[in-house]
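Here are my notes for you to read with the model open beside them. Take the points one at a time and find each residue as you go.

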Amino acid sequence: MSIYTFGLEPLSCHAWNKDRTQIAISPNSNVVHIYQKSGKEWNKIHELTEHSGRITGVDWAPETNRIVTCASDRNAYVWTLKDGVWKPTLVLVRINRAATCVKWSPMENKFALGSGAKLISVCYFEKENDWWLSKHIKKGICSTVLSLDWHPNNVLLAAGSADLHCRVFSAYIKDIEEKPGPTPWGSKMPFGEVLFEHKECGGWVHSVSFSPSGDTLAWVSHNSSISVADGPRGKQVTHLTTDNLPLMSVIYVTENDIVAAGHDCCPYQFSYIGPEALGFVKKLDVPKQSSKGSMSAMQHFRNLDKKATTEEDHNEMETLHQNSITQLCIVEGPKTNVEKYSSVGLDGAMVVWTFKPSSLQ
Amino acid sequence: MSKNTVSDRFRKVDVDEYDENKFVDEEDGGENQMGPDEAEVDSLIRQGSLMGALQAVLKNPPINTKNQNVKDRAEGLVLKVLSSFKSADIEKAVQSLDKNSVDLLMKYIYKGFERPSENSSTVLLQWHEKALSAGGVGCIVRVLTARKTV
């Protein structure tokens, strides 16, 4: 694993370009910085400044090389690279509250935007008028949409929201795509249809993720639990409560292995094999062996005097990240066999982790 | 000048009640929840079978009911059982509980903290320490995020 600190500000979100030589990050402000990798260092090469509110989501489409950003100013922009400069195009998302998250669809012909307006805006490009249009999904959503993830079939969309529900919607736009075939989640998929809904997830649903095949859906919620819904097996839901602080982000690294991270500043590995078979595997951040140097008697009594304790000074956390992890992202490897993934956190650091499948250990 | 400058009754109006988009929790029929069986628990305490009493008092938690009396009665009963344990036995008792019971115990502990009585805080703090080592901070997070609690 390698860690790189982008400054002192928390990193709200990040996204990689296709060959992972560039990374787009937002340091908790209304600007997106694009850094280029050179050796072990990262150099800032672009600044995307169009938003007036804090940036809440960034996504970089690998094939079409477009970046979509969304912010608390209720806007979203699609950026295209022209002559070495990123040019923004405003998207008419028509929301009256802040946008919270944004994700390109697998085929990159549309993107979904979650917002505090209790709706999801699915946006696509209309060639005739040369602008981005949006359609709204509102059915059943009673509070802010906190997270989104696309199914590999480019039509189904999972959404976790603050109304303690996790849902799978259809985001089928007949103007731009063919009718999708049936999936374990359902066969009739008109736009906005709810194909799966889990109520009472225990807490705000911070992150959702479809498995590489799209058959299972994992989500993490604020009551320190992780859950998986099994599409083919009757959409049965399995919960697992953890003893740690709530998790904020979850990704699938193989068809059965899940990595999640959150306020504990450390990624955890879980595995899902079937209904009721969701288990914790291990902590993925092995704490560095803190060098316990011998303390002199003088130091001992000084500690006792100043801090009323003889323990060593623990100013740093044992984990690589010194503050909560906000987002996980796949870096290397196909979705079915991820080799590397990255995490960004409130400590301003980005860590690239290597994932070793259990069978090889 | 406006008509009504004397009365400030308008300040006490709960505006959230009139908000048509107000978030309402799902209603879950909890009218029949009576809480743990008082007679059963009392008899187990008298017999000295404290582990059994603990198991019994953690059954049927009045989570869904809106009846405050049932909740208060349940809390009082739990407190009685927790106080009758010797300090040395607390750890073993907590170990014997499964994950959901530890979460439920933690909910009762925090409920007990809300209204401290004579000796209750000491007892509750001892139990809190052992429950924390069994359930971790996740257990406490679930107490905080639970929309319906004891």
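**Notes on chains A and B**

1. Let's start with a loop. A:Lys118 sits in the loop between β11 (110-115) and β12 (120-126) of chain A. Its phi is positive, about 60°, although A:Lys118 is not a glycine. Most residues other than glycine have a negative phi. A:Lys118 has 26% relative accessibility, so it counts as partly exposed. Before you go on, please remember that this is a predicted model.

2. Chain A has another residue to look at for its phi. Where is A:Asn28 found? Go to the loop between β3 (22-26) and β4 (32-38) of chain A. A:Asn28 is not a glycine, yet its phi is positive, near 60°. Is A:Asn28 buried or partly exposed? With a relative accessibility of 33%, A:Asn28 counts as partly exposed.

3. Now for charged pairs. Side chains of opposite charge can pair when their charged atoms come close. Over all chains, the count comes to 17 salt bridges.

4. Find A:Asp163 and A:Arg167, whose side chains meet in a salt bridge with an N to O distance of 3.0 Å. Are these two buried or exposed? A:Asp163 has a relative accessible area of 1%, and because buried means under 20%, it is buried. A:Arg167 is buried as well, at 2%. The pair also belongs to a network of salt bridges, in which A:Asp163 and A:Arg167 are linked with A:Glu197.

5. Switch to chain B and look at B:Lys80 and B:Asp42. Their side chains meet in a salt bridge, 2.8 Å from N to O. The pair links distant parts of the chain, 38 residues apart: B:Lys80 is in helix α3 (residues 68-83) of chain B and B:Asp42 is in helix α1 of chain B. B:Lys80 has a relative accessible area of 42%, so it is partly exposed.

6. Here's another salt bridge in chain B, between B:Arg142 and B:Asp103, and the closest N and O atoms are 2.9 Å apart. Which helices does the pair link? B:Arg142 is in helix α6 of chain B and B:Asp103 is in helix α5 of chain B, so to speak two distant parts of the chain, 39 residues apart. Both B:Arg142 and B:Asp103 are buried.

7. Stay with those helices and look at how they pack. Two packed helices are described by the angle between their axes and the distance between the axes. Helix α5 (residues 99-114) of chain B and helix α6 (residues 120-145) of chain B pack at an angle of about 130°, and their axes are 8 Å apart. That angle makes α5(B) oblique to α6(B), because angles from 65 to 115 degrees count as roughly perpendicular, those over 145 as roughly antiparallel, those under 35 as roughly parallel, and the rest as oblique. The crossing of α5(B) past α6(B) is left-handed.

8. While you're in helix α5 of chain B, find B:Leu105, which lies there. How accessible is B:Leu105? Its relative accessibility is 0%, so B:Leu105 counts as buried. Now go back to B:Asp42: B:Leu105 and B:Asp42 are 63 residues apart along the chain, and their C-alpha atoms are separated by 18 Å.

9. Which residues make the nonpolar surface patch of about 480 Å²? They are B:Phe10, B:Val13, B:Val15 and B:Tyr18. B:Phe10 is found in the segment before α1 (38-47) of chain B. At 53% relative accessibility, B:Phe10 counts as exposed, because the cut-off for exposed is over 50%.

10. A:Ser2 is placed in strand β1 (residues 2-5) of chain A, and at 41% relative accessibility it counts as partly exposed. From A:Ser2 to A:Lys44 is 42 residues in sequence and 19 Å in space, C-alpha to C-alpha. A:His14 is in strand β2 (residues 13-16) of chain A, and at 1% relative accessibility it counts as buried. A:His14 and A:Tyr252 are 238 residues apart along the chain, while their C-alpha atoms are separated by 18 Å.

Definitions and conventions. Residues numbered from 1 in each chain as written. Chains lettered and ligands numbered in written order. Predicted model: local features only at pLDDT ≥ 70, side-chain atom pairs only at ≥ 80, totals over all residues. Heavy atoms only, no water. Patch = residues over 30% accessible without salt bridge, like charges linked within 9 Å, V, L, I, M, F, W, Y side chains within 5 Å. Areas by Shrake-Rupley, 256 points an atom, 1.4 Å probe, with all protein chains shown as cover. Salt bridge = Lys/Arg side-chain N within 4 Å of Asp/Glu carboxyl O. Helix = DSSP H or I, 4+ residues; strand = E, 2+ residues; numbered from the N terminus. Buried < 20%, exposed > 50% of the residue type's maximum accessible area, 1.4 Å probe, protein only. Axes fitted to C-alpha atoms, helices over the stretch in contact; angles between N-to-C directions. Left-handed = near helix turned anticlockwise from the far one by under 90°.
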